[in-house]
Amino acid sequence: MAHKKYILGVFDDEEEVMHAVSDVRGQGVKIHEVYSPFPIHGLDQALGYPRARMGVPAFLFGITGTTLAFLLTFWTLGWDWPMNIGGKNFIPFPTNIPIVFELTVLLASYGMSFVFFGMEGLSPVAKPVIFDKRITDDKFVMAIELSKNSASEKEIADALKGSGASEVNIKEI
Amino acid sequence: MAHKHEITSVEETFDFSPELKKKFLIGGVIGLVLIAIGAFLINAGIWGPEGFAGGAHEAAAHGAEAAGHGAEAAGHGEEHGSGATLLTRIIANIWMNSVYFLGISVIGVFFISYNYVAKAGWYTSFKRVPEAFPAFMIIPAAIILVLFLVPSTRHMIMHWTHDGIMDPASHHYDKIIASKEWWLNMPFYIVRLVVYFVVWYYLWTQIRKNSLLEDAHGDIEYYHKSRLYAKYFLVFFAVTSSTVAWDLSMAIDTHWFSTMFGWYHLASWHVAGLAAIMLVVLTLKSKGYLSGVNDSALQDLGKLMFGFSIFWTYVWFDQYLLIFYANLPEETIYFRERISGYGGRYFAPFMISLVLNFIFPLLVLMARGSKRNYTLLKLASWAILIGHWFDFYQMHMPGIAKDQGGIGLIEWGTTAVFVCGFAYVVLNQLSKANMYAKNHPFIEESLHHDI
């Protein structure tokens with residue numbers, strides 16, 4: 001696998017990294033990702049990430065669950081072996097609701113989880129990429145992939161330094 | 001931080017102008033006039049329930065027959081009859097609105113209490129709004145007590161208070177009701193009501209007092225004290241929110257009982273209270289107050305409205321499904337009365353309640369953007385408030401007003417009186433203190449709330 005070259009700007013403070021994100025992006029540099037020990041409010045907007053459209057898989061999986069549950073109750077209780085429960089109709093509407101509700105929620109939540117795992121590349125065998133061990137402690141790291149940018153290595157390093165990075169490192173992964 | 005919030009001053013007082021006061025007073029008078037006109041029109045037989053005055057006796061007989069069937073099914077003697085009159089309908093309206101507005105008021109202190117206990121910060125910017133709600137509690141509480149203490153109105157509302165109904169020697173004797181005497185007896189009932197109202201009100205005054213002292217002196221000690229009273233309130237309300245539901249609403253249909261009822265009643269009160277908080281906050285914002293309440297705080301409040309609308313539906317449906325499945329006559333009578341009883345007059349409120357309280361908030365409040373859109377939030381708040389009014393209407397009316405129930409000038413008038421009274425008392429209370437809890441430890445967090 002070809003190695004990718006990343007330029008890492010290390011910051012000491014979340015305020016600084018927030019300013020640096022808009023600063024560096026303003027100079028036309030594409031940021032790979034920003035790593036932080038804790039969530040920073042407004043960072044996704046500053047990085048220009050689009051809203052996660054988790055609603056789409058949630059709806060699709062949910063509606064699948066609804067359909068399956070309706071078919072299941074209809075087929076088992078009303079079609080394949082009609083069952084008389086308390087003298088009611090074979091498919092009384094209210095009795096379906098709990099199963100329909102449960103299967104909808106079940107498929108929607110599992111579906112969303114697995115879509116999320118897939119999109120984020122999370123699995124038991126996945127090897128996490130850690131650019132700098134200090135991001136688990138007190139440092140904030142902005143990673144920039146060199147090949148995705150037209151600017152040279154030095155220009156990017158200067159841009160990072162100029163926007164307040166305390167150190168700039170190179171890492172090949 | 002990404003968003004530089006322009007923090008407005010936390011020194012702000014609400015000016016409850018004499019013109020505004022006058023408007024609410026006029027609104028209340030209009031409500032009273034509507035009740036009078038409505039009563040006159042029904043009495044004159046011009047507009048009102050079929051067969052009340054003259055003419056359509058057949059329709060009345062038909063309605064009574066339908067009610068009789070239900071009554072029989074519940075093992076209910078024919079001898080009690082319907083006996084509802086125009087006055088019953090008016091009294092039923094006053095009772096129903098009192099219970100509804102009592103709930104919205106007490107939810108103010110409930111909301112503050114659970115947020116205190118959770119050490120939540122997000123709501124602090126509009127904390128004074130729910131804090132003002134319980135000031136109105138006195139009025140519906142007094143009305144409820146008066147209506148219960150006066151024998152004639154008591155008999156209209158609570159079937160179990162009739163003389164001799166628990167006396168085996170009397171021909172009014174009703175075995176099922178008599179078996180509930182340990183809970184439904186006059187002294188215990190009155191003591192219970194007084195205890196609910198006094199304790200709720202007292203705990204609110206303590207929370208309020210500490211909140212105002214915090215404004216004045218800014219010591220953290222007041223926060224801890226408020227939190228202590230909030231804990232007392234939650235423990236007390238955990239039990240009394242159910243028992244008050246049995247006493248004020250479930251006891252009307254004396255034979256019937258449901259183990260889901262306390263939750264269902266609380267869910268209805270709670271979501272209506274949240275909608276009322278939202279509506280007051282949005283109205284104040286549109287008048288230029290509370291600019292420190294940001295969109296994130298409103299989105300969180302909108303989420304609670306959305307979530308508890310679903311919760312209400314969940315409990316409502318559970319109650320329905322259990323009764324539907326078991327199919328026991330003494331339980332199904334409750335839904336029979338509402339769906340097809342008394343000539344089907346309660347079917348529309350029953351369905352309107354479901355649509356406004358479930359389908360409407362589900363569709364309108366689901367998206368993130370709509371919880372940040374003031375117009376949609378206002379629309380949803382009104383829908384929830386009206387929807388839960390219908391919910392309480394269909395809880396109380398079939399048991400009290402029976403074949404005299406309807407939706408007309410009397411209902412609009414009574415509701416107008418209560419809405420104006422509520423708005424007057426709450427805004428008056430709001431004008432007595434700073435609009436922000438300015439020395440609350442979480443006020444900064446709340447002003448910067450960002451989700």
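User: Which element of chain B holds B:Lys23?
Analyst: B:Lys23 lies in helix H1 of chain B, which covers residues 18–43. Please keep in mind that this is a predicted model.

User: Is B:Lys23 buried, exposed or partly exposed, and why?
Analyst: B:Lys23 is partly exposed, because 14 other C-beta atoms lie within 10 Å. A residue counts as buried only if 20 or more lie within that distance, and as exposed if 12 or fewer do.

User: And how far is B:Lys23 from B:Tyr424?
Analyst: Their C-alpha atoms are 9.4 Å apart, although 401 residues separate B:Lys23 and B:Tyr424 along the chain.

User: Turning to chain A, what is the order of its helices and strands?
Analyst: Chain A has five helices and four strands. Along the sequence they follow the pattern β-α-β-α-α-α-β-α-β.

User: What is its radius of gyration, against that of a compact globule?
Analyst: The radius of gyration of chain A is 25 Å, whereas a compact globule of 173 residues would have one near 16 Å. The C-alpha trace spans about 80 × 35 × 30 Å along its principal axes. Buried residues account for 18% of the 173 residues of chain A.

User: Which domains is chain A divided into?
Analyst: Domain 1 consists of 5–51 + 131–172, and domain 2 of 55–120. The centres of domain 1 and domain 2 of chain A, taken over C-alpha atoms, are 45 Å apart.

User: Which residues of S3(A) face A:Leu8 and A:Val10?
Analyst: A:Leu8 stands opposite A:Ala143, and the bridge partner of A:Val10 is A:Val141.

User: Where does S2(A) come in?
Analyst: Strand S2 of chain A, residues 33–35, pairs with S3(A) over three bridges in the antiparallel sense. Here A:Glu33 stands opposite A:Ala143. A:Ala143 therefore faces A:Leu8 as well as A:Glu33.

User: How many residues of S1(A) and of S3(A) are buried?
Analyst: In S1(A), six of the seven residues are buried, so the strand is largely enclosed by the rest of the structure. S3(A), residues 140–145, is mostly covered, with five of its six residues buried.

User: Now the helix H4(A): what is its span?
Analyst: H4(A) has 28 residues and reaches 40 Å from its first C-alpha to its last, close to the 40 Å expected at 1.5 Å a residue. Just after H4(A), A:Gly121 takes a positive phi of about 65 degrees.

User: Which residues of H4(A) are buried, and what covers them?
Analyst: The buried residues are A:Leu103, A:Leu107 and A:Ala108. Their cover includes helix H3 of chain A, residues 55–80.

User: Last topic: how many residues of chain A are in contact with chain B?
Analyst: Eight residues of chain A are in contact with ten residues of chain B. On the chain A side, the elements that give two or more residues are helix H2 (43–47) and helix H4 (93–120).

Methods
Residues numbered from 1 in each chain as written. Chains lettered and ligands numbered in written order. Predicted model: local features only at pLDDT ≥ 70, side-chain atom pairs only at ≥ 80, totals over all residues. Rg over C-alpha atoms; globule rule 2.2 N^0.38 Å. Contact = placed C-beta atoms within 7 Å. Domains from an automatic or database assignment. Expected span 1.5 Å × (residues − 1). Pairing = 2+ DSSP bridges.
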